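Visitor: I'm new to reading protein structures. Could you walk me through this one, a feature at a time?

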Amino acid sequence: MASVTIDDVRKSFGVVEVIHGVSIDIEDGEFVVLVGPSGCGKSTLLRMIAGLESITAGALKIGSRIVNNAPAKERDIAMVFQNYALYPHMKVYDNMAFSMKLRKAPKDEIDKRVRAAAEILGLDQLLDRYPRQLSGGQRQRVAMGRAIVRDPQVFLFDEPLSNLDAKLRVAMRTEIKALHQRVGGTTIYVTHDQIEAMTMADKIVVMQGGYVEQIGAPLELYDRPDNMFVAGFIGSPAMNFLRGRVQGGAFITAMDERIPLGAGMGADEGREVVLGVRPEHLTLVGEGQGFGVDVVVTEPTGSEVQIVAKHGAEELIAVFRERHQPAVGERMRVAPDPSQLHLFDGETGRALRA
Amino acid sequence: MLPAAAFLLLFLAYPLGLGVYLSFTDARVGRAGSWVGLENYEFLAGKNPLWDFFAIISNEVVGTKYELTGDPVFWLSVFNTLLYTVVASALKFAIGLYLALLLNRHMPFKAIIRAVVLVPFIVPTVLSAIAFWWIFDTNFSILTWMLRSIGVLGEKEVINYLGDPLNARASVIFANVWRGVPFIAITLLAGLQTVSPSLYEAATIDGASRWQIFRYITYPLLTPIIAVVMTFSVLFTFTDFQLIWVLTRGGPFNSTHLMATLSYQSGILGGRLGDGAAISTAMIPFLLAAIMFSWFGLQRRKWQHGEGND
Ligand SMILES: Nc1ncnc2c1ncn2[C@@H]1O[C@H](COP(=O)(O)OP(=O)(O)OP(=O)(O)O)[C@@H](O)[C@H]1O
Ligand SMILES: [Mg+2]
């Protein structure tokens, strides 16, 4: 086990730079999730850590050693691929034993480690099968088994659950998390699914377009997003944004309605800002409070009701635990929890904090 | 269904059947001939074919002088055919695999280089054989000229490529390899491209060196296609005719006569249809053996297809 330090790392393919100076400190034993939209450079960054992609500039340290130019086999990392990359001509046992066989480990040592890993993952009965004789979830487990047997410095996962159906994905998510708690090990996990990130991570790195937008614990990102991108990316359904300006300690919407700001929410008088409100922080209120919206769609999910509504031209979503059933086109009034408001600069999208 | 079966019967089975039938007669060109049973085979293969088989190998390889019970030329052609097939196929496999691995890498002008590799395969055999006839000409050979310019050969020295038995064998094998490599290289390249790159990456991370990746990943995954392509290659090489006929006509001293060329020579040119047919028919067991070998080789790939849980 080791820490990983990524210091101003850049990556160019030819003349195109796709990673623009990324710095992340990952502590020993930490579970870090890299999350971001498709094409933001998550896989590229992970592959640079693995040694599958060269590092154009910056420094990558595993433990205290700079490994920029070390070949993959010297970095002592294990990786779980999106398509699992199991060797089709080897049985499950041999898939898991391959790395140790290459290192010429003693046979009984290999056997012990493979069987231990198989037991952790519930693969004991499947060791004699070929990958094609396994279900998707079982293949996924074998891929993880192959990583565990290595007992590496760092585990890398690249969207390991994206080929599984929704139910299995939730189950495996729990399993991977439990596995991390049991086996330990520094883990870097790539996903574009923010729920996966929120539920699994000790620390989330939100990326966009080759830049790091914010690094923090899941609830920290949820409660105090640094910018509109993170605010909109973390949380589901996504945060609502309303454009307007600040006047007399309140936010004035495009429809000239007043939303009082909570204490300590500093913004200069008259400034163009964006107000961020999470759907779950809106409540239904009576006449004379909050601001008015026109209902567009009502979506009951059983445990809650999601309402899509419009405030002028701006669309927003509200989630209620109570079973409100407003009709489409109905006008209603909602109010945000003043302590759960977020203000962003109208131009840069940066969070405005006192 | 029925017309197809009739068609197959007429155009595949009939010539084969006729050939086998002729091998049991003393037919000559222009004369029907009568049934002679195994007489042709006895004349060719002798009273003790197994003895003859090992005797000819011993005579050719270590220079013993054992008497054969059958026709020495026939047995020499059997030896030549096996030598030609084994050596040429092995070389074609090695070079073809190497080329395929090379072409599978990233490099500039990839498409053009791949197309160039195919050239020997596209040129008609007779045409390339005639080119080789020039290349192997004692006086005008470009090979001799090259060897002279790099100083391996003296100014007046020549190599008798096709006139000396050993040289002639090497020369026809060289020509056959040149012609056969593209087919193998391109087929194996196609096989290589079906191997997911993430397997190589997984193996790299597992700590495999380039050689180990080849040995434990690439090669095993390629074995099914290797079995298929090498079966075809062996069949084509074993039955080769054109190249030999243009280059040497079996000479010198029958040292490059293959069963196919000998069959043609005695059956058509010599007019002894029965003999020629018997030589051809004698090729069938060898070909069947080659097919069985690769078929059983293919069967064992459990990871690839079929059911079963072990
Ligand atoms: N080999 C390559 N050559 C050129 N550009 C590349 C190469 N690999 C990736 N890129 C580019 O780098 C950027 C980041 O790609 P990357 O695969 O890291 O995205 P990602 O965040 O993993 O996305 P996804 O969620 O879709 O997997 C993309 O714009 C992609 O087009
Ligand atoms: Mg990716």
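Visitor: At roughly what angle do the axes of helix 3 and helix 4 of chain B cross?

Guide: Some ground rules to start. This is a predicted model, where local features need pLDDT of at least 70, side-chain atom pairs count only at pLDDT 80 or more, and totals for chains, interfaces and linings use all residues. Residues are numbered from 1 along each chain as its sequence is written, chains are lettered from A and ligands numbered from 1 in the order in which they are written, and side-chain values use heavy atoms, leaving out hydrogens and water.

Guide: Now the general idea: two packed helices are described by the angle between their axes and the distance between the axes. Here, helix 3 (residues 49–62) of chain B and helix 4 (residues 72–103) of chain B have axes that come within 9 Å and cross at roughly 65 degrees. Axes are lines fitted to C-alpha atoms, for helices over the stretch in contact, and angles run from 0 to 180 degrees between N-to-C directions. Helices (H or I, at least four residues) and strands (E, at least two) are DSSP runs, numbered from the N terminus.

Visitor: What does that make helix 3 and helix 4 of chain B to each other?

Guide: They are therefore roughly perpendicular. The labels go by angle: under 35 degrees is roughly parallel, over 145 roughly antiparallel, 65 to 115 roughly perpendicular, and the rest oblique. This crossing is also right-handed. A crossing is left-handed if the near helix is turned anticlockwise from the far one by less than a right angle, and right-handed if clockwise.

Visitor: Which residues of helix 3 and helix 4 of chain B meet?

Guide: From helix 3 of chain B, the residues include Phe53(B), Ile56(B) and Ile57(B), and from helix 4 of chain B they include Trp75(B), Phe79(B) and Leu82(B). Contact means heavy atoms within 4.5 Å. By class, this contact has 10 nonpolar, no polar and two charged residues. For the classes, Ala, Val, Leu, Ile, Met, Phe, Trp, Tyr, Cys and Pro count as nonpolar, Asp, Glu, Lys and Arg as charged, and the others, Gly among them, as polar.

Visitor: How many helices and strands does chain B have?

Guide: Chain B has 13 helices and zero strands. Its C-alpha trace spans about 70 × 65 × 40 Å along its principal axes.

Visitor: Are helix 8 and helix 10 of chain B roughly parallel or antiparallel?

Guide: The axes of helix 8 (residues 165–193) of chain B and helix 10 of chain B come within 10 Å and cross at roughly 150 degrees. That makes the two roughly antiparallel. Their crossing is right-handed. Among the residues that meet are Phe183(B) and Leu188(B) in helix 8, with Ile225(B) and Phe232(B) in helix 10. By class, that contact has 10 nonpolar, six polar and no charged residues.

Guide: Helix 10 of chain B also crosses helix 9 of chain B, at roughly 155 degrees, with axes that come within 10 Å. Helix 9 and helix 10 of chain B are therefore roughly antiparallel to each other. The contact includes Leu199(B) and Tyr200(B) of helix 9 and Ile213(B) and Leu221(B) of helix 10. It has six nonpolar, two polar and no charged residues.

Visitor: How much area do chain B and chain A bury between them?

Guide: The size of an interface is often given as the accessible area lost when the parts come together. Here the two chains bury about 2200 Å², 60% of it on carbon and sulfur atoms. Buried area is the accessible area (1.4 Å probe) that two parts lose on being put together, summed over both. In the contact, 25 residues of chain B touch 26 residues of chain A.

Visitor: How many salt bridges are there between chain B and chain A?

Guide: Side chains of opposite charge can pair when their charged atoms come close. A salt bridge is a side-chain nitrogen of Lys or Arg within 4 Å of a carboxyl oxygen of Asp or Glu. There are two between these chains. One of them joins Asp206(B) and Arg150(A) (3.6 Å, N to O). Asp206(B) sits in the loop between helix 9 (197–205) and helix 10 (210–238) of chain B, and Arg150(A) is in helix 5 (residues 136–150) of chain A.
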